[in-house]
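Please work through the following exercises with the sequence and the three-dimensional structure at hand. Each task is followed by a worked solution.

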Amino acid sequence: MKILQIDHLGIAVNTLEEGKKFWGDVMGLKLEGTETVQEQKVTTAFFPVGESEVELLVSTEPDGPIAKFIERNGGKGGFQHVAFRVENIEEALAELKEKGVKLIDETPRIGAAGCKIAFLHPKATGGVLVEISERP
Ligand code: ZN
């Protein structure tokens, strides 16, 4: 597979306001926009860093994956996943399957900004939730 760059770092937060205080006010990153991905029960907020982004993740539902992550983390937010931009996600998934890598998504789904995304299982990555993403 061809990895082009780190696309974004996904960071879970309890509220966007809380996240903005550090990533915006302290680190000086500029909030470029927000988008709700209903299927994943999450609102994302993008702070570009060069060609990459810090992506804050706020749960829209108490039973969403980000809400569950925060619950497991003792009620606190924290680093949740790293996303790599790939040239061709179907090719990348085929290669990962061939290598016997356990996947959360066998086929790509549509994430924020119309990207095709898929998650690898943390059991196959040494405990890091890894996303691959292809920009439209
Ligand atoms: Zn992501």
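**Exercise 1: Burial and overall form**

Of the 136 residues of the protein, 41% count as buried (under 20% relative accessible area, exposed being over 50% and partly exposed in between, with a 1.4 Å probe and protein chains only). The model is predicted, so local features need pLDDT of at least 70 and side-chain atom pairs count only at pLDDT 80 or more, whereas totals for chains, interfaces and linings use all residues. Residues are numbered from 1 along each chain as its sequence is written, and side-chain values use heavy atoms, with hydrogens and water left out.

Solution. Step 1: the protein has three helices and eight strands, taken as DSSP runs (helices H or I, at least four residues; strands E, at least two) numbered from the N terminus.

**Exercise 2: The zinc site**

Task: identify the protein donors of the zinc ion and their spacing along the chain.

Solution. Step 1: His8 (NE2), His81 (NE2) and Glu131 (OE) are the protein donors, 2.0 to 2.1 Å from the zinc ion. Donors are N, O and S atoms within 2.8 Å of the metal (3.2 Å for Na, K and Ca); water is not among the atoms, so sites may look incomplete. Step 2: the spacing of the donors is H-x72-H-x49-E. Step 3: histidine 81 in strand β5 (residues 78-86) and glutamate 131 in strand β8 (residues 130-134) link distant parts of the chain, 50 residues apart. Step 4: both histidine 81 and glutamate 131 are buried.
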